[in-house]
Amino acid sequence: MSQETISLVVPCYNEEATIEIFYHEVLKYEKQMPAQLEFCFVDDGSSDRTIAILRKLAAQDARVHYVSFSRNFGKEAGLYAGLELSTGDYVATMDVDLQDPPYLLPEMYRIVKEEGYDCVATKRSTRKGEPVVRSFFARMFYRIINRMSDTEIVDGARDYRFMSRQMVNAIIEDGEYNRFSKGIFSWVGFNTKWLSYENIERSAGQTKWSFWGLFKYSIEGILAYSTVPLYISSFIGVALFILSIIAFIFIIIKKLVWGDPVQGWASMVCILLFLGGIILLCLGIIGLYVSKIYLETKKRQIYIVKEKK
């Protein structure tokens, strides 16, 4: 019977300072798993020495494979490319900065093998070391999306997962262009067990996620797994229409009974600005959904490979 293989899918973007640290740290736990490792690195159009380091590792270790994109396509594309590159019986998706601790891999492998789970997912039990503002908005995002969507996304969930080949194949077959992996992992189903661990600082380098980048990513998640914003815009429209009818009736009665003319150009301007803002908000929500439809119908490639090994 041939030895089982575990593929490690690792997206990288300007991570020259962390790749070799990650590689050697993972190897410390290799003997604790009765399986062969396969490294699947994805260079997401880096501008530093990331690809040079990957070439060196691949030359030194036949288990190291990589794909390099023609430009930066984003982490979602990197995860998808890594899953397609992987050939293992089991696949783990990890961040190269060691915020996803490799010491959990043996336990994750044991759970899938012995307890009958298809996936072991991880979440942070604390947000220690994270800016307070970012933590606040992150918690708000999880509350909002879980109220809006039928697909549950666990608060603090990481992309660090250990999955069976069957689950990975199901994820790959979901070839949508606008990808939100946390939602896809949950949407495909399969039996999942959650492991918690405390937040860990990066091993080296700087985070590539800005507050604005995380905000856009959260909007992508809400649009990908909920149509509630469309219902909200419709509800606002109906509510404002009813309110305008009530106001119109009130003005007519006031004129007929008391003979007061309608006064106040300033209040009228404020009302017009308010209604104009609401209209633009609703149009913006609809426009975002239309833009997603537009991108899906164009059938563009999720990523373009420049180099592969």
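Is Thr18 buried or exposed? In this predicted model, local features require pLDDT of at least 70 and side-chain atom pairs pLDDT 80 or more, whereas totals for chains, interfaces and linings use all residues. Residues are numbered from 1 along each chain as its sequence is written, and side-chain values use heavy atoms, with hydrogens and water left out.

Thr18 is buried, at a relative accessible area of 0% (buried: under 20% relative accessible area; exposed: over 50%; partly exposed: in between; 1.4 Å probe, protein chains only). The residue is located in the loop that links strand 1 (5-12) to helix 1 (19-27); helices (H or I, at least four residues) and strands (E, at least two) are DSSP runs, numbered from the N terminus.

Eight strands make up an open sheet of mixed pairing, in the order 7-5-6-4-1-2-3-8, where two strands pair if DSSP finds at least two bridges between them. Strand 7 (192-197) and strand 8 (305-308) are the edge strands, each pairing on one side only. Strand 1 and strand 4 (residues 90-93) run parallel and are joined by four bridges; Ser7 has Val91 as its bridge partner in strand 4.

Helix 1 lies across strand 1, strand 2 (36-43) and strand 3 (64-69), at about 165 degrees to strand 2. Contact means heavy atoms within 4.5 Å; axes are lines fitted to C-alpha atoms, for helices over the stretch in contact, and angles run from 0 to 180 degrees between N-to-C directions.

Helix 3 (residues 75-85) is largely enclosed by the rest of the structure, because nine of its 11 residues are buried. Among them are Glu76, Tyr80 and Leu85.
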